[in-house]
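Subject: Structure handover

Dear colleague,

Here is the structure I said I would pass on. My notes on it follow below.

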Amino acid sequence: MRRKMTAVAALAALAFVAAACGSDKNSSSDTTAGAAATTAAAGGASTEAPTTEAAATTAAGAGADALATLDKNGDGKVVFGVATPGPRDDGAYYQALVDGVTKFSEDNGFEAPVVVDNIPAADAATQLENLARQNVDAVMVGAGEISDPLNSLIPKYPNLLWYCNCGAGYQDQTKLLIQSNDDSSEISYSAGYATGLLMKAAGQTKAAFIGNNNFNFEQEAFQAFELGLHAVDPSFEWTYVGTGSFDDVAAATEAFNNLYSQGVRAVYPYLGGAHEAVVKLANEKGDVIVMSAGSSKACARTDLKYDLMVKFDAGDYVSTILDELLAGKLKPGDTRTFKVGVDPQPGAVICNPTPDQKTAMETVYSDIAAGKFADQFLAIKKKVYGF
């Protein structure tokens with residue numbers, strides 16, 4: 001799902017956290033924006049909409065501007081290429097980017113995107129180059145696992161728009177790659193805290209993280225989740241189980257069944273292709289708290305029941321990236337970092353919170369945005385990435 005953090009990215013994280021720790025004041029505009037974003041992340045949103053005529057005019061204008069900006073080969077149309085290491089329909093991390101690019105294309109009257117999924121890291125160079133050669137205007141890379149060839153590929157196709165949802169970050173030597181990233185510690189802490197609130201209400205005491213192979217980025221998520229969980233109740237038990245794959249349904253099923261037999265009643269399926277299988281099992285049991293791994297649409301689903309969403313939705317990220325690119329706020333070579341409590345996109349949201357739970361989550365968002373846990377998050381990063 002995510003890329004192992006490089007030494008450069010780790011040092012960048014250190015500098016970022018240090019800067020956050022060194023500042024205890026925000027400008028009034030920053031504070032206002034952060035408060036508004038926190039409200040949006042916790043579930044607040046404006047219900048006002050433009051008139052149909054105004055909306056149509058706005059959409060038509062946006063589409064024309066987008067065409068002029070994004071038609072890189074000058075053929076009068078825009079085609080996005082999307083590359084992802086997992087299945088395009090996993091219902092979680094990988095599908096989010098595909099859905100986000102598809103919706104942006106539909107909203108602007110563009111062609112359907114060309115999607116290549118299930119790309120092994122060993123085949124990434126070949127698959128990405130094949131995609132770049134399919135008369136696309138942009139190549140959107142869905143995860144850091146397949147980003148290694150970019151420094152070699154981008155100079156061969158410099159006129160394309162290149163984007164990577166690289167998670168922990170990619171050392172872009174070309175200065176032509178647009179990236180989005182976030183802070184897993186922030187997201188995972190909010191997820192742990194939300195899970196703790198639900199466990200407390202349900203009278204449960206055991207939770208588990210089902211992942212791949214104890215990768216360092218998994219350990220960051222696991223340890224920050226534990227920190228948030230124990231902020232609710234230090235006695236809650238929390239365990240990690242690796243299945244050896246993000247996509248192996250049989251292994252994830254076995255892991256879930258073993259955990260359930262051990263009394264675990266809250267599960268974070270930090271998975272790709274195997275994610276929905278675990279959610280279905282949790283739904284069948286009926287007494288297991290379960291959450292999304294990336295998707296911000298989980299609470300609205302009717303085919304599966306989620307208790308909370310852990311949001312690092314690649315679709316939300318890419319739509320923001322493209323909007324800011326068109327508005328001139330981003331350019332090739334830039335990295336857009338999404339922050340919990342500052343931006344509405346990342347962070348955990350309880351699907352049906354009580355008033356007290358909603359208030360508690362709003363406080364957590366504010367505390368994260370204010371840097372209250374920065375030292376703990378930095379300690380986790382130092383431990384798992386070894387810097």
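Helix H9 (residues 249–261) lies across E6, E7 and strand E8 (266–269), and runs at about 170 degrees to E6. Angles here run from 0 to 180 degrees between N-to-C directions, and axes are lines fitted to C-alpha atoms, for helices over the stretch in contact. Helices (H or I, at least four residues) and strands (E, at least two) are DSSP runs, numbered from the N terminus.

This is a predicted model, in which local features need pLDDT of at least 70 and side-chain atom pairs count only at pLDDT 80 or more, while totals for chains, interfaces and linings use all residues. Residues are numbered from 1 along each chain as its sequence is written, and side-chain values use heavy atoms, with hydrogens and water left out.

The open sheet has four strands in the order E7-E6-E8-E9, with parallel pairing; two strands pair if DSSP finds at least two bridges between them. Strand E7 (237–242) and strand E9 (289–290) are at the edges with a single partner strand each, so one side of each has no neighbour in the sheet. Six bridges join E7 to strand E6 (residues 206–211) in the parallel sense. Ala207 has Trp238 in E7 as its bridge partner.

Asn213 is in the loop between E6 and helix H8 (216–232). Leaving aside neighbours within four places in sequence, Asn213 is in contact (heavy atoms within 4.5 Å) with Glu218 and Tyr240. Asn213 and Val241 are 28 residues apart in sequence, and 8.3 Å apart in space from C-alpha to C-alpha.

Helix H7 (residues 184–202) packs with helix H12 (residues 355–369) at an angle of about 160 degrees, their axes 11 Å apart. That makes H7 roughly antiparallel to H12 (an angle over 145 degrees). Residues making this contact include Tyr189, Tyr193 and Leu197 of H7 and Met361 and Val364 of H12.

The axes of helix H4 (residues 93–107) and helix H11 (residues 314–326) come within 6 Å and cross at roughly 35 degrees. Among the residues that meet there are Leu97, Gly100 and Phe104 in H4 and Val318 and Leu322 in H11.

On confidence, the chain averages a pLDDT (the predictor's confidence in each residue, from 0 to 100) of 85, and 82% of the residues score at least 70. Over residues 3–62 the pLDDT is below 50, and this stretch has 51 contacts in the model beyond near neighbours in sequence. Where pLDDT is low, the predicted coordinates should not be read in detail.

Regards

Key:
Parallel < 35°, antiparallel > 145°, perpendicular 65-115°, else oblique.
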